[in-house]
Structures are given as C-alpha cells and as structure tokens.
Amino acid sequence: MDRSESMSARLPVISTKVHAPEWMNENLMFYRLDYINDQQVRFYTESSWNTSPARLFKNRLDSCLVAAGNTVTGVRTSLPALTLRIYLEDFSQHFSSPSDNVTRIVLRASLFKGRDLVAQKRFQKDVRSLTADAQGGAKALAQNSDELIVEIMQWLTEMNL
C-alpha cells in the first residue's frame, strides 16, 4: 500500500515532535542480544545512522503526512491546529539467537489540540530482518518505520479531526 493512500481525510495543519530517551539521542545503530540480556543495549561499532533515530523517524513521518496532502509546519513558524508528539521507547534490532532477529519500534503517540490532550496510543511493531547484521537491521527498521507511520496515520484519520 502506498503510504499516501493510508489517509483518506486531510488533517488540519499539524506540527510533529519526536523525542527519545537520552541513550537514543546519538546516531548509533542499536541492537540487543535478547538471548543473553534483553535489557542491555549495544551498538554497532562500524555502522551508524546519518542522524538520531528520533530525527530519522520524524523526517519519514513528515514526508508521509505531506505526501498524503497534509500541511506540516514547524513549531515556531505558525500556530498549528494540532501537534503530534511521538516518544520513541525502542528503535533497535533484537536478536533471539545469533541468527534470528527482528527490528522493534515502540512508541507513544500523543495528539494535542493547543495544550489539550486529544488522544494517546502506544504502538509497537516488529519486522523480521533478512540478515543478522547492521545492513539487514537498517532495511528492516526503514520498513518498520513506514508500516508504523501508516498505522499512526490511520489512527489519526479514525478520529475525524
């Protein structure tokens, strides 16, 4: 499905903000060896993103919203009718064994109209990586992001704003 087809109704002018925990504010590619310790976050030493996971997700989200015919504005450029705040809880590759892995994105989406919270929802999605390395993880996280963004846009559409 084309990402822009996921929204049949346009939203009012919207601003997006994406935040993440401090440990995720670097451009590192994170993974977890769940079969050893699922609480320990590790990173690839020879691979990295061109920016932080929060910025990557925001850029993809804004692009999809615009492609669907919505107006996305910066927080300081005008007064948006709506603000979508995303808090990334996880954006990493999880290994259940040395060769079996999925990418996992977990986030909380909060929609505000002015200062009033309109709705909030938690999203989680796992996408299997075809290879057990940074390149496979990067491709799967891109696919994972796009699929989650479609779900977020459908959620927004269902609210009939």
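This tour visits a helix pair and then a group of charged side chains in a predicted model.

**First stop: helices 2 and 3**

Select helix 2 (residues 53-67) together with helix 3 (residues 134-158); their axes lie 10 Å apart and form an angle of about 50°. That angle makes helix 2 oblique to helix 3. The crossing of helix 2 past helix 3 is right-handed.

Next, display the side chains at the contact. Helix 2 contributes F57, R60, L61, C64 and L65, and helix 3 contributes A142, S145, D146, I149, I152 and M153. Sorted by class, the contact of these helices has eight nonpolar residues, one polar residue and two charged residues.

**Second stop: R60 and D146**

Keep R60 and D146 selected: their side chains form a salt bridge, with an N to O distance of 2.8 Å. The pair joins distant parts of the chain, R60 in helix 2 and D146 in helix 3 being 86 residues apart. R60 is partly exposed at 29% relative accessibility, whereas D146, at 18%, is buried because the cut-off for that class is under 20%.

Move to strand 4 (residues 82-95) and strand 5 (residues 101-113), where E89 and R108 respectively are found, 19 residues apart. The closest N and O atoms of the E89 and R108 salt bridge are 3.6 Å apart. E89 is partly exposed at 26% relative accessibility, and R108 is also partly exposed, at 33%.

R122 belongs to strand 6 (residues 116-128) and is 33 residues from E89.

Note on methods:
Residues are numbered from 1 along each chain as its sequence is written. This is a predicted model: local features need pLDDT of at least 70, side-chain atom pairs count only at pLDDT 80 or more; totals for chains, interfaces and linings use all residues. Side-chain values use heavy atoms; hydrogens and water are left out. Axes are lines fitted to C-alpha atoms, for helices over the stretch in contact, and angles run from 0 to 180 degrees between N-to-C directions. Helices (H or I, at least four residues) and strands (E, at least two) are DSSP runs, numbered from the N terminus. Angles under 35 degrees count as roughly parallel, over 145 as roughly antiparallel, 65 to 115 as roughly perpendicular and the rest as oblique. A crossing is left-handed if the near helix is turned anticlockwise from the far one by less than a right angle, and right-handed if clockwise. Contact means heavy atoms within 4.5 Å. Ala, Val, Leu, Ile, Met, Phe, Trp, Tyr, Cys and Pro count as nonpolar, Asp, Glu, Lys and Arg as charged, and the others, Gly among them, as polar. A salt bridge is a side-chain nitrogen of Lys or Arg within 4 Å of a carboxyl oxygen of Asp or Glu. Buried means under 20% relative accessible area, exposed over 50%, partly exposed in between (1.4 Å probe, protein chains only).
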